[in-house]
Amino acid sequence: MSEGRLLIVDDEKIALKNLEHVMAKAGYAVTATQSGSRALALLERQPFDVVLTDLRMEKVDGMQILKKCRETCPDTEVVMITGYATLDSAVETMKQGAFYYIAKPFRLDEVRKVVAEAMEKIQLKRENRSLREQVERYRGRVRILTQDGRMQSLLETARQVAPTDCNVLLTGESGTGKELFARYLHAHSTRRDGAFVAFNCGAFNEELLANELFGHLKGAFTGAAADKRGLLEAASGGTLFLDEITEMSPAMQVKLLRAVQEREVLPLGSTTPVPVDVRFIAATNRDIEAALDSGAFRQDLYFRLNVVNLHLPALAERRDDIPLLAQHFLARHAALMHKTVDEITPEAMALLTAYDFPGNVRELENIIERGVALATGHAIDTGHLPEHLRNLSIRTFRRKDGRIPSLEEQERDYIQWVLQEVGGNQTRAARILGIDRVSLWRKLKRYEAQE
């Protein structure tokens, strides 16, 4: 494979042949010509990474070739060679944008080194442009990778409600991507140019929570040396994402309810409300229905926030997404660590897809990040996975004595496996199986009778 496209222009036949031979041997795709006029025609027809040209030639010289390159292909690097080296000519060529100036007689090693450096510069410029294009392409966008039907349905609902400005409640286990979904809603809303402010309601006590959300005036309490703008005010014109909303105390729920209803906040120490224009997205990994029944969470606040509810399924409920997400995280962390890990072995992927991921997508990313860090070759193998995952027991359906086992036989094997996992505790086993203890006892008695 060639390392780059190189055009060599020199009206001295022997010098041209020597350069052509050396550069082709170095792996470049070389085009050579003794004519400056033909070089201009070649530049019109095809791009070159580097042009290696003599400065002084009849009819069309190196400066004209340099000028043509700057006009038609500004990324092309031009290396100038001359047998009439002077300080003035060197300065002029560099001013006009030449990459380097080499005086004859030259050493072939020197030319090879300069061309290699010019090629490196070309590659660096291309990589930088690619990164800028990626940044521009995804500026203001949030990608959620999935091929699961339920997730795609949730994304469609999110795209429909995003521009409406209604409040949204996101529910689901920890690590399912609730904040990512909130950012997706914001990115597809009319508020996309405003701020997206994320706040964890379980990270502060009540006093600090009120101060962070609503702000305070100078002198409102000891140590309040200046006015502080709260997050509700900071998010005005944008979106406020309140994570772990069920961790908020009843007193704070009352204050938040007023802000949601009245669209205004009262900073601590102030008697004048401050209007805010905020779209609220709340999230919880708790059973919010249970919190409502126990009185731990206010119904009126729930109804204000739960205009649209999106429940994110656990990763174990959408196993088809595991290989897709694993490859995505592999590419991300390999790039961050500057490693050439680009594959997950079939054996490692089998363990990943069989695992239940109690930590959901966040746990999968951590496992892949660990695998990239430990991998010494180009692939993540089973040895790079955590020990508890390597020891995973994978159960398969197999024929027994040449026949397909019945559903009752499979159920029996599964119940016995669950009992083994819980140390024979029938109460725990029944709860895991989703049946009452009496039903489990009857099944076990029937199995005993069949033996």
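This is a predicted model: local features need pLDDT of at least 70, side-chain atom pairs count only at pLDDT 80 or more; totals for chains, interfaces and linings use all residues.
Who's its partner? Glu264 makes a salt bridge with Arg258, and their closest N and O atoms sit 2.8 Å apart. Arg258 is at 37% relative accessibility, so that one is partly exposed too.

Let me zoom out for a second. We've got 19 helices and 16 strands in this protein. The radius of gyration is 34 Å, well over the 22 Å you'd get from the globule rule for 451 residues, so the protein is more spread out than a compact globule. If you box up the C-alpha atoms along the principal axes, you need roughly 100 × 80 × 40 Å.

How much of it is buried? Of the 451 residues, 40% count as buried. The accessible surface comes to about 24900 Å², and carbon and sulfur atoms own 50% of that. As for who touches whom, take the contacts with a separation of 6 or more: 67% of them are between residues 24 or more positions apart.

Now, charges. There are 61 positive and 64 negative side chains, and the centres of those two sets lie 2 Å apart. Side chains of opposite charge can pair when their charged atoms come close. How many salt bridges does that leave us with? The count comes to 20 salt bridges.

Have a look at Asp49 and Arg5, whose side chains meet in a salt bridge at 3.5 Å, N to O. Asp49 is in the loop between helix 2 (36-45) and strand 3 (50-54), while Arg5 is in strand 1 (residues 5-9), so this pair ties together parts that are 44 residues apart in sequence. Which side of that pair is buried, and which is partly exposed? Asp49 is the buried one, at 4% relative accessibility, whereas Arg5 is partly exposed, with a relative accessible area of 34%.

Glu179 and Arg183 both lie in helix 7 (residues 178-187), 4 residues apart, which is about one turn of the helix. Those two form a salt bridge, with 3.1 Å between the closest N and O atoms. Glu179 is partly exposed at 32% relative accessibility, and Arg183 is partly exposed as well, with a relative accessible area of 35%.

And if you want something beyond a simple pair, find Asp148, Arg150 and Glu317, which are linked in a network of salt bridges.

Leu66 has a relative accessible area of 1%, so it's buried. So what is packed around it? Setting aside neighbours within four places in sequence, Leu66 is in contact with Val78, Met80, Thr93, Gln96, Gly97 and Ala98.

Note on methods: Residues are numbered from 1 along each chain as its sequence is written. Side-chain values use heavy atoms; hydrogens and water are left out. Helices (H or I, at least four residues) and strands (E, at least two) are DSSP runs, numbered from the N terminus. The radius of gyration is taken over C-alpha atoms; the globule rule is 2.2 Å times the number of residues to the power 0.38. Buried means under 20% relative accessible area, exposed over 50%, partly exposed in between (1.4 Å probe, protein chains only). Contact means heavy atoms within 4.5 Å. Accessible areas come from the Shrake-Rupley method with a 1.4 Å probe; for residues, only the protein chains shown count as cover. Lys and Arg count as positive and Asp and Glu as negative; His and the chain ends are not counted. The place of a charge is taken as NZ of Lys, CZ of Arg, CG of Asp or CD of Glu. A salt bridge is a side-chain nitrogen of Lys or Arg within 4 Å of a carboxyl oxygen of Asp or Glu.
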